[in-house]
Amino acid sequence: MKAIVYSQTGDPSVLQFVDRDMVEPPAGEVRVRIVYSGVNPTDWKSRRGGGPGEATPFAEVVPNQDGAGVIDAVGPGVEGFAVGDRVWLALAAAELAAGGTAQQYSVLPVSRVYPLPNSASFEIGASLGVPAITAHRALTVAEDGPRRLAPGALDGKTVLVAGGAGAVGHAAIQLARWAGATVITTVSSDAKAALVTAAGAHHVVDYKATDAATEIRRIAPDGVDLIVEVAPAPNAELDIAVIRNRGVIAVYANDGGDTMTLDVRSYFALNVRYQFLLLYTVGQAELDAAAEDINAALVDGALPVGEDAGLPLHHFELERTADAHEAVENAIVGKVLIAVGTE
Ligand SMILES: NC(=O)c1ccc[n+]([C@@H]2O[C@H](COP(=O)([O-])OP(=O)(O)OC[C@H]3O[C@@H](n4cnc5c(N)ncnc54)[C@H](OP(=O)(O)O)[C@@H]3O)[C@@H](O)[C@H]2O)c1
């Protein structure tokens, strides 16, 4: 079978297009014929590692955590999945020698595999894993709840999604809106404003062209309940200016800088919480809960992708995975998908 592998960390040129042996799924695992592989920033960050030439966890690493496809073989003891099932994958490359979705057949434990409803395309399925689960976690860590998402779960809440035109931001807008929140989002351009409006944001604030804090306070005079934050350091002042008493700032990235200085008093005066999150270590129960709610949203048709839905798709062939990584590394707007196999 065809696969993309790397044996040392570095720039996209370390990615090689090779033939690999098929692997039989061991107990508790399934083999998935990949239709689309989804690319996220974490994939190029892992490939780059701490620097060029660093040792990799396996002799050959197959990149990319997200994907969608069809179950092709099941290992002993697997229940709940059968050959022919449509599925989407999460953390498919994390510490798995035969995982990774930049290959024709990926072997992985059932804990990384979720059913893909018939109404959802493989393109949607390959866009879910990292962005949608991250968004779900960020939307379910507020002190006053909810812990799970469903229609009505966020009724009466106002959510601020920082950088809503990003892949995680897009999923956060869609899930928050599906769950009943009023959604405010920030963007840096008119083009991105059009995308987040298509994604379902109620209010859009251009944080480069306006005084974002004043604008958000005008929309939400009592402050926002929850902030889904991609850039905590540059946005620290904005966040404290718009969060309400007992509000939560859910941080999933360090875009724009690692270090921030906080005026401590203003945080305890408002009983504010910072909640950080990392998908790799968030916990299986949290991943499963997210996937279950995401599937309910999928069935409701709440998570479309494509330009009309605010997330332009960019397709690459498997052998051009290096270009796909480079596109994500260069912060292309939208979702990068690698077409691996036929539907
Ligand atoms: N913790 C985790 O488990 C986890 C999970 C998923 C992703 N991540 C990380 O999250 C980050 C984003 O991932 P992604 O896939 O969504 O990337 P993406 O599609 O490239 O989106 C990044 C977004 O961040 C926005 N942004 C950057 N600085 C901003 C600022 N100061 N204010 C408002 N928005 C800002 C950008 O918008 P503008 O250009 O308009 O500013 C862009 O839309 C990456 O660093 C990724 O590694 C972490």
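**The ligand site**

Modeller: Start with Lys192: an N or O atom in its side chain sits 2.6 Å from an oxygen atom of the ligand, a polar contact here being a pair of N or O atoms within 3.5 Å. Bear in mind that this is a predicted model, where local features need pLDDT of at least 70 and side-chain atom pairs count only at pLDDT 80 or more, while totals for chains, interfaces and linings use all residues. Residues are numbered from 1 along each chain as its sequence is written, and side-chain values use heavy atoms, with hydrogens and water left out.

A backbone N or O atom of Leu279 is 2.8 Å from a ligand oxygen, and a polar backbone atom of Val168 lies 3.0 Å from an oxygen atom of the ligand. On its own the ligand has 910 Å² of accessible area (Shrake-Rupley method, 1.4 Å probe), and the protein covers 84% of that 910 Å².

Now the shell. There are 23 residues around the ligand, counted when a heavy atom lies within 4 Å of it. Lys192 turns up again among those that come nearest, together with Ser188, Tyr207, Tyr252 and Asp255. By class the shell has 14 nonpolar, six polar and three charged residues; Ala, Val, Leu, Ile, Met, Phe, Trp, Tyr, Cys and Pro count as nonpolar, Asp, Glu, Lys and Arg as charged, and the others, Gly among them, as polar. As for elements, α1, α2 (122-139) and α3 (167-178) each give at least two residues to the shell, helices being DSSP runs of H or I with at least four residues, numbered from the N terminus.

Note on methods: A polar contact is a pair of N or O atoms within 3.5 Å; within protein, one must be able to donate a hydrogen and the other to accept it, and residues adjacent in sequence count only if both atoms are side-chain atoms.
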